[in-house]
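Visitor: I have just opened this entry and would like to be walked through it. Could you begin with any term I will need?

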Amino acid sequence: MKLIRCIPYCCLMALFLLSACEDTIPRLPLETQSGENTFGCLINGELIVAEYTHTYVYNPPRPRAWYYSDQDTLMIEGHGQNNQTFRFFIAHPTLDTEMIDRLEYTAPGYRFVIKAEKVNGIRFSRFDEQVVSGTFAFQLDTVLKPAADPLLNVTMGRFDIPLQ
């Protein structure tokens, strides 16, 4: 009889312990506009995030954004958890800008950089003296990838970075 009374308490204790576990599954960062140092996207459906947790052997550098006033150019750089790197160069940036003038992507395990010019697919939600944030999505046709998968499909991209 004591065993039967003990079962609800055991279930309650198990529920409490499970709810206390820390969620370590990487997720896309939220679309924020406050300089949270976030960068992430999906590449051909694979999650790419710049997360700084103890769960990764390699913790990528924080995303960075620079505005070069002498050239009126914005550069956004984001690194993924598997050593991927994105660099966006935007000339004459404004909140209405949608064109990435030059894009560079270095994939993990590749010894080359995929480069493209005049790529449409960036949207700024904030761009001022302190923060640059927004979303991006585009496709790159690459002859360097295997013929079975010639497209690099980047979707649900987002960034929120303090401007340096």
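Predicted model: local features only at pLDDT ≥ 70, side-chain atom pairs only at ≥ 80, totals over all residues.

Visitor: Is Thr73 buried or exposed?

Guide: Thr73 is buried, because its relative accessible area is 13% and the cut-off for buried is under 20%.

Visitor: And what does its side chain reach?

Guide: The side chain of Thr73 reaches the backbone oxygen of Gln71, at 3.0 Å.

Visitor: Let me step back. How many helices and strands are in the chain?

Guide: The chain has one helix and 10 strands. Along the sequence the pattern is α-β-β-β-β-β-β-β-β-β-β.

Visitor: What share of the residues counts as buried?

Guide: Of the 164 residues in the chain, 38% count as buried. As for contacts between residues at least 6 apart in sequence, 47% of them join residues at least 24 apart.

Visitor: Back to E4. What is the strand order in the sheet with E4?

Guide: The order is E3-E4-E5-E6-E7, an open sheet of five strands with antiparallel pairing. Strand E3 (64-68) and strand E7 (113-120) stand at the edges with a single partner strand each, so one side of each has no neighbour in the sheet. From one strand to the next, the twist averages 15 degrees.

Visitor: How many bridges are there between E4 and E5?

Guide: Strand E4 (residues 73-79) and strand E5 (residues 85-91) pair over seven bridges, in the antiparallel sense. As one example, Ile76 has Phe88 in E5 as its bridge partner.

Visitor: How do its strands pair up?

Guide: Let us go through them in turn. Strand E1 (residues 38-43) pairs with E10 in the antiparallel sense over five bridges, and Ile43 has Val154 in E10 as its bridge partner. E9 and strand E10 (residues 151-162) are joined, again in the antiparallel sense, over 10 bridges, with Asp141 partnered by Leu151 in E10. Strand E8 (residues 122-127) and strand E9 (residues 131-141) run antiparallel, joined by five bridges, and Phe124 has Gly134 in E9 as its bridge partner.

Visitor: How many residues lie between E8 and E9 in their hairpin?

Guide: There are three residues between E8 and E9 in that hairpin.

Visitor: New topic: how many aromatic pairs are there?

Guide: The count comes to 14 aromatic pairs. In one of them, Phe86 and Phe88 are tilted, at 5.8 Å centre to centre and 55 degrees between the planes. Phe88 also forms an edge-to-face pair with Phe138, at 6.1 Å centre to centre and 85 degrees between the planes.

Visitor: Where do Phe88 and Phe138 lie?

Guide: Phe88 lies in strand E5 and Phe138 in strand E9, so the pair ties together parts that are 50 residues apart in sequence. Both Phe88 and Phe138 are buried.

Visitor: Which residues do ring pairs link into a cluster?

Guide: The cluster is made up of Phe39, Tyr67, Phe86, Phe88, Tyr105, Phe124, Phe127, Phe136, Phe138 and Phe159.

Visitor: And what lies over the face of Phe89?

Guide: Arg102 does, at 3.9 Å from the ring centre of Phe89.

Visitor: Lastly, where is Asn44, and what is its phi?

Guide: Asn44 lies in the loop between E1 and E2, and its phi is near 50 degrees, a positive value in a residue other than glycine. Asn44 is partly exposed, with a relative accessible area of 32%. Asp72, in the loop between E3 and E4, has a positive phi of about 50 degrees although it is not a glycine. The relative accessible area of Asp72 is 24%, which is partly exposed.

Conventions
Residues numbered from 1 in each chain as written. Heavy atoms only, no water. Pairing = 2+ DSSP bridges. Helix = DSSP H or I, 4+ residues; strand = E, 2+ residues; numbered from the N terminus. Axes fitted to C-alpha atoms, helices over the stretch in contact; angles between N-to-C directions. Buried < 20%, exposed > 50% of the residue type's maximum accessible area, 1.4 Å probe, protein only. Polar contact = N/O pair within 3.5 Å; in protein donor to acceptor, adjacent residues only side chain to side chain. Phe/Tyr/Trp six-rings, centres within 6.5 Å; stacked < 30°, edge-to-face > 60°. Lys NZ or Arg CZ within 6 Å of the ring centre and 35° of its normal. Contact = heavy atoms within 4.5 Å.
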